[in-house]
Amino acid sequence: MKIKTPLFFKNVAVRNNNKGFTLVEMLVAFSIFSIIIGLLPMLISTLSREQPLERRVQRLEWEVFISQIKKEIRMSQKVTINNQSLLLEKDGSIIIYEKYGTNLRRRVDYKGHEIILQQVRAFQFQRLLNGVLVQVTDTYGHDYREEIRLILRDVVF
């Protein structure tokens, strides 16, 4: 006695036939592999050029610090550079920039504790002919330098 197989099972058997599809599958897999290998050098070069997060943050912090100190020096009436500190007289107040541990802090009238720059190994303020030179070395060994010129106003040094 022969059992008749339904038409559905006959179609499934035909669909599972893999003849002819292995070449197409291999070409698709090889194309994906080629794209990945082609993009890999660009990815590696991008990652190698990327600076560590700490250095990028330090650079942004330096930019903010310089813009603030430029504004404050230009608005002050008197600038005094002492040993390891910068004193600015502005509207009857004394603003002090000094080192505090590995930080550079700002205080007003010898009160307060505002951290302006972090991870500072060394810093120096120098008087220029008509301005101030700010030099900072961070804990990563990178040197930052900025000359702040006072062109329009005479500030007492």
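**Contacts and strands in a predicted model**

Reader: Beyond residues up to four places away in sequence, which residues does Q119 touch?
Author: This model is predicted. Residues up to four places from Q119 in sequence are set aside here. What Q119 then touches is Q58, T102, N103, D138 and T139.

Reader: Is Q119 buried, partly exposed or exposed?
Author: Buried needs under 20% relative accessible area, and exposed needs over 50%. Q119 has 33% relative accessibility, so Q119 counts as partly exposed.

Reader: What distance separates the C-alpha atoms of Q119 and G101?
Author: Along the chain, Q119 and G101 are 18 residues apart.

Reader: How many helices and strands are in the protein chain, and what pattern do they follow along the sequence?
Author: The protein chain has three helices and eight strands. Read along the sequence, the pattern is α-α-α-β-β-β-β-β-β-β-β.

Reader: Which strands stand at the edges of the open sheet of five strands?
Author: The sheet has the order β1-β2-β3-β4-β5, with antiparallel pairing. Each edge strand has a single partner, so one side of each is left without a neighbour in the sheet. Those edge strands are β1 (78-82) and β5.

Reader: What is the average twist from one strand to the next in the open sheet β1-β2-β3-β4-β5?
Author: Pairing in this open sheet is antiparallel. From one strand to the next, the twist averages 20°.

Reader: Which residue in β4 is the bridge partner of I96?
Author: Strand β3 (residues 93-100) runs antiparallel to strand β4 (residues 103-108). Six bridges join β3 and β4. In β4, the bridge partner of I96 is R107.

Reader: Is T137 buried or exposed?
Author: T137 is found in strand β7 (residues 131-138). The cut-off for buried is under 20% relative accessible area. T137 has 19%, so T137 is buried.

Reader: Which side chain makes a polar contact of 2.6 Å with that of T137?
Author: Leaving aside neighbours within four places in sequence, T137 is in contact with V120, R121, A122, H142 and D143. A polar contact of 2.6 Å joins the side chain of T137 to that of D143.

Reader: What share of the residues in the protein chain is buried?
Author: The protein chain has 157 residues. Its accessible surface comes to about 11600 Å², with 59% belonging to carbon and sulfur atoms. Buried residues make up 26%.

Notes:
Residues numbered from 1 in each chain as written. Predicted model: local features only at pLDDT ≥ 70, side-chain atom pairs only at ≥ 80, totals over all residues. Heavy atoms only, no water. Buried < 20%, exposed > 50% of the residue type's maximum accessible area, 1.4 Å probe, protein only. Contact = heavy atoms within 4.5 Å. Helix = DSSP H or I, 4+ residues; strand = E, 2+ residues; numbered from the N terminus. Areas by Shrake-Rupley, 256 points an atom, 1.4 Å probe, with all protein chains shown as cover. Pairing = 2+ DSSP bridges. Axes fitted to C-alpha atoms, helices over the stretch in contact; angles between N-to-C directions. Polar contact = N/O pair within 3.5 Å; in protein donor to acceptor, adjacent residues only side chain to side chain.
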